[in-house]
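Have the viewer ready, and follow along from one residue to the next.

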Amino acid sequence: MMDRPGAQEGASECGRGSGGAGRAVPRAPERARPWRAATEEALYGREGFYLRPDGPSAHFRTSVHASPLFAAAVARLLCRVDEGAGRPRELAFVDMGAGHGELVGAVLDALPADVAGRTRAYAVERADRPPGLDHRIEWVIEPPQGVTGLLFANEWLDNVPVEVVEVDAAGVARLVLVRQDGGEVLGEPVGGAEAEWLRRWWPLAREEGLRAEVGLPRDRAWAAAVAGVERGLAVAVDYAHLAGSRPPFGTLTGFRQGRETTPVPDGSCDITAHVALDACALPGARLLTQREALRALGVTGGRPPLSLASTDPTAYVRALAGAGEAAELTAPGGLGDFGWLLQPVGIPDPLPRD
């Protein structure tokens, strides 16, 4: 499996991924529909990609799968949230878009015994509960309400479906419609709340072929998830871009069996697009890179001293492997460039700002 890359390289049927310059045909045949509706069914419909027994881990590799250091860092963050919340009798860990429960299970295993004993773990996922999952993990479709603790959304928002828009020959931003085979056409001009979102967060010049993804559904999904945290911290980790550096042709792409591919809304592949995390941020939020966040949580890529090789070869090999995994998690141009959105709720920001 390969990491889903930070810069998209795939192209749609019309020649577009990130940096493509093809254009959708400006007429709409039957059965073409907006990308948001098509993606929703392809990912979460009756035979959707994310409801399959093999799960997303069979098709792409995230930080959770790259190294146990990631879950250990999240466990340390949960401990800091615990302290900031005054060590409540019940401490929640909510894993949004939990997949097969890999992260939530590893976090529970990495917690100190006294914290683990007070932790109530939730895996939020639309798919059925995997067989053999740790009995301590509650499997739910919607995030719990009124919790104190940490809500952690690792690569969740990028799979919240959004509308795709494209500027036509007259300089008008229109919805992009897609058929089940991936063929695209232009639809109606963008209006209402979607147009307002574009004007504020992703303004498009009147240049034919420019594209954007309207992140309004993600903003609303994130606000709803944060609203369930009474006290604690909500964190979203994802591919991200910020105002002033939006990709001119969007980021919509697909993944199948470890490789980036053309996004086709037939349930055969993952369909994803980078997240405008600055648009999602609520008052008091903070944005940083995964590299900055993990280093603040003690994950570094420093090599162990060579002297350890002679005094304890086994420990040296183990430390060297850990350093390699840490380097992958924090690498510029790779996982280290992921965005982290921190949203404290009633507690101080638990990460140092240096």
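This is a predicted model: local features need pLDDT of at least 70, side-chain atom pairs count only at pLDDT 80 or more; totals for chains, interfaces and linings use all residues.

Residues are numbered from 1 along each chain as its sequence is written, and side-chain values use heavy atoms, leaving out hydrogens and water.

Arg87 sits in the loop between H3 and strand E2 (91-96); helices (H or I, at least four residues) and strands (E, at least two) are DSSP runs numbered from the N terminus. Most residues other than glycine have a negative phi. Glu155 also has a positive phi, of about 55°, and is not a glycine either. You will find Glu155 in the loop between strand E5 (147-154) and strand E6 (163-167). Is Glu155 buried or exposed? Its relative accessibility is 8%, so Glu155 counts as buried.

Now step back to helix H3 (residues 68-84), whose axis comes within 8 Å of that of helix H4 (residues 102-110), the two crossing at roughly 65°. Here axes are lines fitted to C-alpha atoms, for helices over the stretch in contact, and angles run from 0 to 180 degrees between N-to-C directions. On the H3 side, the contact (heavy atoms within 4.5 Å) is made by Phe70, Ala71, Ala72, Val74, Ala75 and Leu78. H4 contributes Leu103, Ala106, Val107 and Ala110.

Phe70 and Trp340 form an edge-to-face aromatic pair, 6.4 Å centre to centre with 75° between the planes. Rings of Phe, Tyr and Trp (its six-membered ring) pair if their centres lie within 6.5 Å; planes under 30 degrees apart count as stacked, over 60 as edge-to-face and the rest as tilted. Because Phe70 lies in helix H3 and Trp340 in strand E15 (residues 339-345), the pair ties together parts that are 270 residues apart in sequence. Both Phe70 and Trp340 are buried. Gln290, in helix H9 (residues 290-296), touches both of these residues, and its other contacts include Ser63, Val237 and Leu335, not counting residues up to four places away in sequence. Gln290 has 0% relative accessibility and so counts as buried.

A search of the whole structure finds six aromatic pairs. Among them is the stacked pair of Tyr44 and Tyr50, 5.7 Å centre to centre with 25° between the planes. Tyr44 is buried at 17% relative accessibility, and Tyr50 is buried at 9%. Together with Phe49, Tyr44 and Tyr50 form one aromatic cluster. Look also for Arg126, which lies over the face of Tyr44, 4.1 Å from the ring centre; a charge sits over a ring if NZ of Lys or CZ of Arg is within 6 Å of the ring centre and within 35 degrees of the ring normal.

Our last stop is Arg220 in helix H7 (residues 216-227), exposed at 51% relative accessibility. Arg220 and Cys280 are 60 residues apart in sequence, yet 7.8 Å apart in space, C-alpha to C-alpha.

How values were computed:
Buried means under 20% relative accessible area, exposed over 50%, partly exposed in between (1.4 Å probe, protein chains only).
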